[in-house]
Amino acid sequence: MDFTRFMNKFNEIERQLSPTSALRLSFDNISPETEEPPDGNKRLWGVPVPPFVSEKVVSWIEEEFNEAPVFYNGNSVLKKVENVRMIDRYNTKNPTVGTLYLTATHLIFVEPDSNKETWILHMHVASIEKLPLSTTGSPLLIRCKTFLSVTFVIPKDSECHDVYTSLLKLFQPVSINKLYCFNYQPNKDDFPKNAGWDYFKLEAEFKHMLVPNEAWTLCTMNEKYELCDTYPRQIYVPKEATTLMLISSSRFRSKGRLPALTYLHNNKASICRCSQPLSGFSARCLEDEQMLEAIRKTNSNTDYMYVVDTRPRINAMANRAAGKGYENEAFYENIKFHFLGIENIHVQRASLQKVLEACEQKSPTMSAFINALESSGWLKHIRSILDTSSFIANAVDKGVSVVVHCSDGWDRTAQVCSLAQLMLNPYYRTIKSFQALIEKDWLAFGHKFSERCGHIQTDAREVSPIFTQFLDCTWQLMSQRSEAFEFNERFLLILHDHVHSCQFGTFVGNCEKDRLDLKLAERTFSLWGYMANHLNEYINPLYKPNVDEAIKANLAPQCIKFWRGMYSRFESGIHPREPLGDLLLDSKEHCNSLEDHVQHLTKRIASFKNYISKSAKKLQDATSAPGKVSKELPSNEINDNKYNYDKKLSELSAADDDHPLKASNMSFASLSLSAEQSSPPQALPEEINSVAVDWKPMRNVTTCSCSTPFDQFSKKTHCWRCGDIFCERCIDKNVALPGHDSGKPVPVCRGCFRQMQKQSP
């Protein structure tokens with residue numbers, strides 16, 4: 001109920017009456033306990049209405065304030081605004097007119113003519129700007145973390161103000177406990193709440209690297225996060241490291257982030273990570289020097305190792321004035337130092353903002369867009385991150401260990417350590433292991449996701465696209481070596497969007513300790529559990545599992561590309577109608593379905609042939625005269641199934657006896673099965689019809705059967721049973737088809753799913 005509007009109207013009526021008017025006196029004398037109003041029929045909210053209050057006033061109050069709640073697709077609507085114009089910057093002269101729904105979690109724009117829906121999750125909103133009033137209404141500009149930029153022109157300024165103030169409160173909660181993940185409830189059949197939380201264990205990842213071993217051991221001093229509260233509980237350190245060395249090194253490093261193992265290559269070369277030392281201009285720590293020497297000694301291949309400072313040298317020197325800085329080469333023996341010049345979070349944030357400005361130009365020319373992109377420096381930053389990662393990967397590949405740090409060791413360090421492992425080891429280029437890499441180097445080692453992604457109201461200077469850059473660099477590697485990666489571009493986009501959506505608890509919090517304190521595994525769903533149900537959407541059809549080699553990034557300027565699929569994915573007219581990857585994946589899935597079906601039918605045919613061959617011999621024995629010695633037939637005649645079947649069937653038809661096999665409907669399907677067969681012959685037509693042999697071509701399909709239009713970023717999915725094309729909402733079921741030999745669950749549409757449910761016993 002809009003109480004302010006009610007009171008304004010009521011006061012307007014009240015002002016027309018004196019303080020001692022009959023209206024006031026009558027309302028004062030009437031209580032809810034009165035059984036009937038004076039005229040016997042008028043009540044408002046259960047309270048009797050005086051007879052002199054007109055029906056018009058009562059009807060107005062009931063109409064304005066007793067409205068039934070509005071729902072859209074099961075979402076309770078807080079505000080509904082009609083005749084809203086959505087402006088596409090490429091088509092400002094013909095804006096789309098529709099209805100805007102504001103719910104507790106989404107802003108939804110529905111175009112009634114095309115039935116197209118635009119859903120904006122509140123947690124995806126990056127900024128809201130109320131533009132100056134125009135002749136057509138009040139514009140509201142919304143920019144999203146998914147790089148969607150949309151303007152809604154709302155007819156009434158008051159309605160625009162209501163939507164604006166509501167979104168300001170909804171898109172960035174004050175408390176972390178108010179995030180979407182704590183209220184999100186998927187369909188009960190999708191996946192259980194605990195799915196995904198136990199997919200990855202840090203100990204298992206290090207066991208895959210054969211750690212612990214003779215050189216590396218598990219340190220138990222951080223079980224209660226006393227050594228470093230932003231590190232995982234299990235950290236691996238050199239066996240030579242003493243308790244004093246670990247404690248002193250932790251105190252000498254920023255935020256207590258001492259050197260710890262993150263990757264051990266098969267040639268004993270390692271990647272360790274830490275934060276900058278608190279060296280100032282002259283401070284030193286003998287135990288920290290001993291710690292780095294212990295790391296160097298774990299690798300017997302060389303007599304030196306690298307310490308890579310990912311910052312520009314001038315930034316590291318500036319930090320010395322604040323008592324921080326970098327290692328003094330005079331104090332650390334057998335170590336080579338390198339500064340590799342990745343800029344800080346503030347520069348990266350400003351750079352991305354300039355990229356968005358370049359993408360939002362109203363009438364971009366070739367030179368204007370390229371100049372704006374170049375002035376942003378974004379591709380230069382991407383190349384710098386790849387360059388540093390390549391240096392680390394090349395060093396480790398040659399058998400030299402590397403210790404990596406930046407300022408606090410949770411931004412640039414996470415980027416380059418994970419990318420170096422991606423280059424070195426094909427294990428991390430699979431879907432599941434890439435997720436494990438994120439769990440290890442980003443989640444466990446304390447990248448501040450909630451601060452960097454702006455999950456809640458916080459210091460805006462802490463927000464920065466660090467993880468977005470990591471995904472961008474991964475995409476650059478995929479573009480250069482597509483056959484080396486099991487996952488596709490859609491996989492990276494889903495990761496990016498859900499890091500910001502807070503729909504799942506996986507990326508909420510700033511470190512492992514935060515997530516345990518919030519009890520996210522008990523209170524929220526895991527992104528990994530959701531993605532496990534959609535793995536078929538993330539498969540790269542060009543992937544070659546036998547690519548067992550390190551990959552190297554081509555850092556030539558011509559090879560560093562602008563990722564159109566990420567930063568311009570919502571722009572119409574610049575994307576292919578069907579992405580090549582989707583077409584290839586669709587063809588591969590169709591071939592897999594047919595091969596599975598052929599394999600099933602081949603086994604069924606072999607089973608029938610085997611049975612008929614045995615039955616023919618039994619029929620021959622059964623029809624022989626009693627006491628008469630059967631004449632031995634040539635082996636080729638006995639094994640001729642068609643001849644034996646036709647011969648014995650004709651004999652049975654001519655016979656006068658009541659043989660059990662004599663029947664008018666004699667057929668292959670009516671034969672009883674041998675013990676080898678697993679399903680009755682009556683199921684054979686169902687098995688044949690359960691698999692679509694022909695799939696509808698994707699090319700000319702523009703809308704789903706539910707009238708949802710397909711655009712450049714919505715995936716078209718085939719039903720494996722009927723072969724038709726559906727949107728993701730209409731094909732949310734996976735079942736095993738009777739005509740497939742593997743028995744694996746495959747996507748089917750809702751109609752086919754209901755039909756199969758009716759057919760099942």
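Reply: Helices (H or I, at least four residues) and strands (E, at least two) are DSSP runs, numbered from the N terminus. This is a predicted model, in which local features need pLDDT of at least 70, side-chain atom pairs count only at pLDDT 80 or more, and totals for chains, interfaces and linings use all residues. Residues are numbered from 1 along each chain as its sequence is written, and side-chain values use heavy atoms, with hydrogens and water left out.

Me: Where does Y225 lie?
Reply: Y225 is a residue other than glycine, yet its phi is positive, near 60 degrees. Buried means under 20% relative accessible area, exposed over 50%, and partly exposed in between (1.4 Å probe, protein chains only). At 11% relative accessibility, Y225 counts as buried. Its place is in the loop between β11 and β12 (235–238).

Me: Is F147 buried or exposed?
Reply: F147 is not a glycine, but its phi is positive at about 75 degrees. The residue sits in the loop between β9 (138–144) and β10 (149–154). With a relative accessible area of 11%, F147 is buried.

Me: What is omega for the cis peptide bond that joins V211 and P212?
Reply: P212 is placed in the loop between α5 (202–208) and β11 (216–219). For the cis bond joining V211 to P212, omega is about 10 degrees.

Me: How many aromatic pairs does the count come to?
Reply: Rings of Phe, Tyr and Trp (its six-membered ring) pair if their centres lie within 6.5 Å; planes under 30 degrees apart count as stacked, over 60 as edge-to-face and the rest as tilted. By this rule the number of aromatic pairs is 39.

Me: Why is the pair of W442 and F470 tilted?
Reply: The ring centres of W442 and F470 are 5.1 Å apart and the planes stand at 45 degrees, so the pair is tilted. W442 belongs to helix α13 (residues 431–444) and F470 to helix α15 (residues 466–480), so the pair ties together parts 28 residues apart in sequence. Both W442 and F470 are buried. The angle that makes the pair tilted is 45 degrees.

Me: How many residues apart are W475 and W563?
Reply: W475 and W563 form a stacked aromatic pair, 5.3 Å centre to centre with 10 degrees between the planes. Both are buried. The pair links distant parts of the chain, with W475 in helix α15 and W563 in the loop between α19 (527–532) and α20 (564–567); the separation is 88 residues.

Me: Which ring does the charged end of R284 sit over?
Reply: A charge sits over a ring if NZ of Lys or CZ of Arg is within 6 Å of the ring centre and within 35 degrees of the ring normal. K733 lies over the face of F753, at 5.4 Å from the ring centre. The charged end of R284 is 4.1 Å from the centre of the ring it sits over, that of F331.

Me: What share of the 761 residues counts as buried?
Reply: The secondary structure comes to 25 helices and 21 strands. Contact means heavy atoms within 4.5 Å. Among contacts between residues at least 6 apart in sequence, 67% join residues at least 24 apart. Of the 761 residues of the protein, the buried share is 49%.
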